[in-house]
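I opened a notebook for this protein. Here is what I looked up, entry by entry.

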Amino acid sequence: MSWSRMRGMAIAVVAGVGATLAFSAAPATATGVPHIRNGETVPVYSYDNAVRESVWVQTPLDNDHDGKRDEIAVDIVRPREAAAKHLRVPVVMEGSPYYSCCGRGNESELKEYDANGIITKEPLFYDNYFVPRGYAFVAADLAGTNRSTGCMDVGGREEVLGAKAVIDWLNGRARARYADGAPAVATGWTNGRTGMIGKSWDGSVANGVAATGVQGLETIVPISAISSWYDYQRYNGVLRSPDYPEFLHSYVTGRPEEACADVLSELDQGSDDATGNYNAYWAERNFRPDARKVHASVLIAHGLNDTNVTTDQFAQWWSRLDVPKKIWLSQQGHVDPFDIRRGAWVDTLHQWFDRWLQGLHNGIDRQPAVSIETAPGTWVNERTWPAPAARPVGVSLGDGVRTWTDNPELTEAAAVANPNADVPGRTTFLFGPLTGNARISGTPSVTLRVKVDKPTTELTARLVDYGTGTRVDYLGGGEGIRTLETESCWGASTAADDACYRDTAERVVTSDHAILTRGWQDAAHHVSLRFTTPLRPDRWYSVTVPMQATDQLIAAGHVLGLILQASDNEYSSPQSTGATIQLDTRRSRLTLPMIGHLPPPGTPVVTTAPAPSSFAPPRFHPVVP
């Protein structure tokens with residue numbers, strides 16, 4: 001049943017508090033969790049004595065063309081006492097390509113096995129914490145990684161349907177075997193109610209599986225996750241890195257290249273680096289159109305300064321979801337909230353899984369849906385996102401024509417420093433000083449009226465807050481956190497798998513400016529991302545550059561800067577045409593989702609620290625989600 005239909009069954013409560021569903025999941029005593037205290041599950045099952053086993057789940061695909069259906073290797077930790085009493089428990093599941101190649105979490109933990117191939121260590125704290133509380137934890141190797149067969153197709157059908165097959169197996173709809181070939185059946189120990197969790201690529205899998213509408217997936221927790229692989233590997237036609245899907249495949253696969261030659265060829269041809277077009281290959285890896293199929297509740301966490309999995313990934317997914325949902329937005333980069341606000345995050349996860357997997361009416365679905373970090377260590381709760389009071393504020397860029405020529409060697413630091421100076425390859429617009437505090441909440445954009453002397457050019461826009469402030473240092477290393485020498489423990493431990501992790505703290509800096517958001521657009525894709533429309537040198541065109549979603553406060557007295565350049569060597573692999581761009585400022589417009597007032601552009605004097613050389617080598621290199 002869709003959430004839109006569920007809402008018709010809801011019972012309204014006090015305005016502003018929310019609604020309580022008129023029906024619920026099975027009560028806790030039916031799920032195999034007899035011990036509840038103060039409205040939450042408590043750790044009564046032995047983690048040391050838990051059942052640890054591995055199965056191989058059959059998928060509907062054979063993309064390595066070996067004549068056998070591909071299999072997903074699944075490592076399970078579940079309460080032995082519950083099994084002995086024939087009590088069925090819900091499942092927390094993570095599907096990942098990283099369990100053998102790269103590790104999970106801030107400490108890059110890998111799966112470990114004993115001499116007989118039995119799982120002894122699962123990465124992260126999920127099994128340590130939730131198994132004693134009456135959950136099973138399931139860690140699935142995505143196709144073509146670790147102990148699974150098939151070939152990694154980087155966000156495609158193999159990846160998504162392989163993980164979905166595990167949900168089907170947990171609900172008795174798919175086959176699995178043990179290592180010795182004996183049939184493996186899950187319905188004797190699980191009620192099939194599953195919640196998927198994961199950061200980055202792992203969370204992207206959760207989004208993709210939820211978008212299939214599979215029954216039994218009751219909730220997902222995507223952290224810094226992808227909802228469109230095109231938008232991860234392309235910026236509106238701008239190439240992030242050449243041969244990116246093939247790189248990601250090779251980065252995580254455990255299979256010989258010849259076994260996956262056909263898949264590698266499909267990745268190369270389908271992704272179509274030559275044009276940057278959106279096509280059927282990318283449509284298969286775009287989960288957003290199927291958001292209407294999602295019936296699982298969704299808890300999202302994302303860093304507002306994440307330049308790896310950028311913020312449009314959560315914003316466009318969040319806006320399409322018509323289910324119970326909650327979101328955490330931090331000022332960090334690509335960071336798990338476990339390493340930002342650890343105690344509060346574990347408590348939230350515990351309540352979330354208890355609510356949607358155990359059926360406990362603990363009120364988390366009636367709490368404010370949004371938690372936002374507005375300054376280092378300062379969090380506020382709101383009922384929805386973007387901020388309801390934010391309204392589109394549009395302002396013209398001036399009265400005249402600006403001209404600049406693409407400088408592909410211009411670094412971001414040089415582009416945003418000293419905005420009053422004449423720097424080849426950029427043009428700047430300054431708004432302020434602001435007469436009062438302002439907030440940008442949502443997705444900004446700038447529409448540029450341009451004449452270009454080449455068939456295309458890349459266009460890059462940055463919004464900059466010029467003014468001294470204390471900010472999270474997400475560019476200074478560690479994505480905004482630093483790892484400490486102390487440890488804290490979150491769950492039960494064994495000799496092979498402890499629940500203790502190095503503590504972390506925010507990296508904070510006092511700076512004279514901060515980049516609030518960025519945006520990129522290939523001008524020849526201004527009509528459609530599905531095809532190019534070459535520009536004629538004698539014509540003016542309106543090209544909109546959408547920027548990444550954000551939520552930022554700008555203090556009174558600060559100046560907001562819009563910095564425009566052509567190609568960007570920091571966050572893409574620039575395909576510079578060397579174009580000269582004329583900008584008609586009268587017919588160009590910056591649009592901000594804003595609370596507060598934005599003065600027209602002027603020439604306030606803004607001084608920032610000297611920038612590194614404009615001709616420093618590009619720092620961009622392929623990243624992994």
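**Entry 1: a helix**

How many of the 10 residues of helix α6 (residues 201-210) are buried? I counted 10 of 10, so helix α6 is mostly covered, where buried means under 20% relative accessible area, exposed means over 50%, and partly exposed lies in between (1.4 Å probe, protein chains only). The buried residues of α6 include W201, D202, N207 and A210. Helices (H or I, at least four residues) and strands (E, at least two) are DSSP runs, numbered from the N terminus.

**Entry 2: ground rules**

I noted that this is a predicted model, where local features need pLDDT of at least 70, side-chain atom pairs count only at pLDDT 80 or more, and totals for chains, interfaces and linings use all residues. Residues are numbered from 1 along each chain as its sequence is written, and side-chain values use heavy atoms, with hydrogens and water left out.

**Entry 3: the whole protein**

I looked up the secondary structure and found 13 helices and 34 strands. Along the principal axes, the C-alpha atoms fill a box of roughly 80 × 60 × 50 Å. I then checked the radius of gyration, which is taken over C-alpha atoms; the globule rule is 2.2 Å times the number of residues to the power 0.38. A compact globule of 625 residues would come out near 25 Å, and the protein has 25 Å, so the two agree.

Of the 625 residues, 58% count as buried. The protein exposes about 23,200 Å², and carbon and sulfur atoms supply 51% of that area. Accessible areas come from the Shrake-Rupley method with a 1.4 Å probe; for residues, only the protein chains shown count as cover.

Next I looked at contacts, meaning heavy atoms within 4.5 Å. Among contacts with a separation of 6 or more, 78% are between residues 24 or more positions apart.

**Entry 4: the largest pocket**

Rolling a probe the size of a water molecule over the atoms shows where empty space is left. The search runs on a 1 Å grid over the protein atoms alone: a cavity is a set of points where a 1.4 Å probe fits but cannot get out, and a pocket is an open set with protein on both sides within 12 Å along at least five of seven lines. Lining residues have an atom within 4 Å of a point. Grid points are joined across faces, edges and corners, and a volume is the space filled by probe spheres set on the points.

The largest pocket holds about 1,100 Å³ of space. It is lined by 45 residues, and the closest to its centre are K199, N308, H334, E479 and V624. I sorted the lining into 17 nonpolar, 14 polar and 14 charged residues. Here Ala, Val, Leu, Ile, Met, Phe, Trp, Tyr, Cys and Pro count as nonpolar, Asp, Glu, Lys and Arg as charged, and the others, Gly among them, as polar. Strands β26 (481-489) and β27 (500-506) each supply at least two lining residues. The largest share, three residues, comes from β26.

**Entry 5: the cavities**

I found three cavities of 30 Å³ or more. The largest cavity has a volume of about 110 Å³. Of its 13 lining residues, L304, D306, T307, R518 and Q548 are the closest to its centre. The lining divides into four nonpolar, seven polar and two charged residues. Strand β28 (residues 508-522) gives the largest share, four residues.

Is S371 buried or exposed? S371 counts as buried because its relative accessibility is 4%. I placed S371 in strand β18 (residues 370-375). Not counting residues up to four places away in sequence, S371 touches I327, W328, L329, R341, W379, V380 and N381.

F429 sits in strand β22 (residues 426-431). At 2% relative accessibility, F429 counts as buried. Beyond four places in sequence, its contacts include L397, R402, L560 and T585.

Most residues other than glycine have a negative phi, and most peptide bonds are trans. I looked for exceptions.

- A cis peptide bond joins W385 and P386, with omega about -5°. P386 is in the loop between β19 (378-382) and β20 (391-396).
- A cis peptide bond also joins G432 and P433, with omega about 0°. P433 lies in the loop between β22 and β23 (438-442).
- N38 is not a glycine, yet its phi is positive, about 55°. N38 counts as exposed, at 78% relative accessibility.
- V154 is not a glycine either, and its phi is about 50°. V154 counts as buried, at 1% relative accessibility.
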